Amino acid sequence: MPRSHGHHHHQLPRRRLLPIASAAAVLLLLALLVLLPAAPPGGPAVPASLLRAAIAAHPAPESYTRPCADHLSLSLRRLRAAASSLETGDLPAALHLASASLQYQYDCSHLLSLPAFPSHSLTSRLLGSLTPRPLTAGTKPSSPYAAAFPASIHADATVCMASSSTKPCDYSTVQGAIDAAPNYTAGHFVIKVAAGIYKENVVIPYEKTNILLVGEGMGATVITASRSVGIDGLGTYDTATVAVIGDGFRAKDVTFENGAGAGAHQAVAFRSDSDRSVMENVEFRGHQDTLYARTMRQLYRRCRITGTVDFIFGNSAAMFEECVIKTVPRAEGARKSARNVVAANGRIDPGQTTGFVFWNCTVDGSKEFLALFRAKPESYRLYLGRPWKEYAITVYARCYLGRVVRPEGWLPWRGEFALRTLYYREFDSRGPGANHTARVEWSSQAQEQLAGVYSVENFIQGDEWIAY
């Protein structure tokens, strides 16, 4: 996991009303309520007040160097968007936006080893005041999959290799096409990428919204680079081959790869902070920390994901549907043991509406890993997850678990850390790795009603935005 992030946590208060601990705090809050707009008539006055206070107390991004400045800039944007969502009555969006803002504040303070910003506790209290009813209340019924891409795709920009013998295209790099896209577009800007291996790092910034990236197939259209932690002083955040911040990002029929190799430290193939994003038939290749599902609502449908340690990690609300997830050998060699882990969820606050949910996925080893496992089964192990942060949520529902999945299922992070606060559930697992009776005592089997809470409709409100 990222070396720049610490692993010590302090439980944050979740009272519904903002506690007033001192006269100074009273004066500050009164000043904010006078100077800033009031909550709309009949609206949630306490959450609105907390949100305004959090925005006013937020540190100025320009006071820090990157990447901390980037984190804080995005945090402030998300908080302001949460205020707009609250005003329009979109509570789920407000919760997701505030959850992301809290993560960015946390990342910056931990990156610089600073005490938590004043806005951190205010944002946490906001989340506590907005947390919806118990999970089993008010759930929507599941509905058939909605098509996330048009049947016929017309390209606004095309990309092909400079040496390609195919018909001419607009750009020779993916980044060139991204840079040419209009800012804050309401409709999708479609970029078609021809088959080929594109050796570049791609960044889709905040202002490039609704980018739709379409390749010619997994393994055919490949975007690859090889940054890893420790090279040129990079942290995990900056190692991503493809990094997306702009909301509404969608990708299909493409491979994102970090080719740093099994011997490298953390090396991200794909990092996403894009809200309402969809990956369909996308391959993510890497080893440690392959897929950084960092924040916001994300859907991964029929994707392939490979890696070794914590190769799906972050603090987003991420749904994985019908994905093939396979672990690959580490660099230790055939004589040494390997404890590989699929998911390391990073939920830092009990009010955050985040977590990882796997529906109808296959979890197993690659051909090479299975060969090592058959020769030495006690030395080559795969775990469903471990708690990177204190309030980790990970759910596997109706998944096929291969024989390489350990009977105990889950792995602690360090000692007793997070074992009393995490939420690890399985529902209707099958396959040789679905050993319900041998699971660790701090995980459990979910009932069907509770599993329904973690549907696309209820967890990421997908019925409102997935359909193209």
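Glu322 is partly exposed in this predicted model, its relative accessibility being 33%. Its side chain meets that of Arg302 in a salt bridge, with N and O 3.9 Å apart. Arg302 sits in the loop between β12 and β13, while Glu322 sits in the loop between β15 (317-321) and β16 (324-327), so this contact ties together parts that are 20 residues apart in sequence. Arg302 is likewise partly exposed, since its relative accessible area is 32%.

Arg302 also forms a salt bridge with Glu280, where the closest N and O atoms are 3.6 Å apart. Because Glu280 belongs to strand β10 (residues 277-285) and Arg302 to the loop between β12 (297-301) and β13 (304-307), the pair joins parts that are 22 residues apart in sequence. Glu280 is buried, with a relative accessible area of 7%. These residues belong to a network of salt bridges that links Glu280, Arg301, Arg302, Glu321 and Glu322.

Another pair is formed by Asp310 and Arg386, whose side chains meet in a salt bridge at 2.6 Å, N to O. The two residues link distant parts of the chain, 76 residues apart: Asp310 is in the loop between β13 and β14 (312-314), and Arg386 is in the loop between β20 (380-385) and β21 (393-397). Asp310 counts as buried because its relative accessibility is 0%. Arg386 counts as buried too, at 15% relative accessibility.

Side chains of opposite charge can pair when their charged atoms come close. Across the whole structure, a search finds 19 salt bridges.

How values were computed: Residues numbered from 1 in each chain as written. Predicted model: local features only at pLDDT ≥ 70, side-chain atom pairs only at ≥ 80, totals over all residues. Heavy atoms only, no water. Salt bridge = Lys/Arg side-chain N within 4 Å of Asp/Glu carboxyl O. Helix = DSSP H or I, 4+ residues; strand = E, 2+ residues; numbered from the N terminus. Buried < 20%, exposed > 50% of the residue type's maximum accessible area, 1.4 Å probe, protein only.
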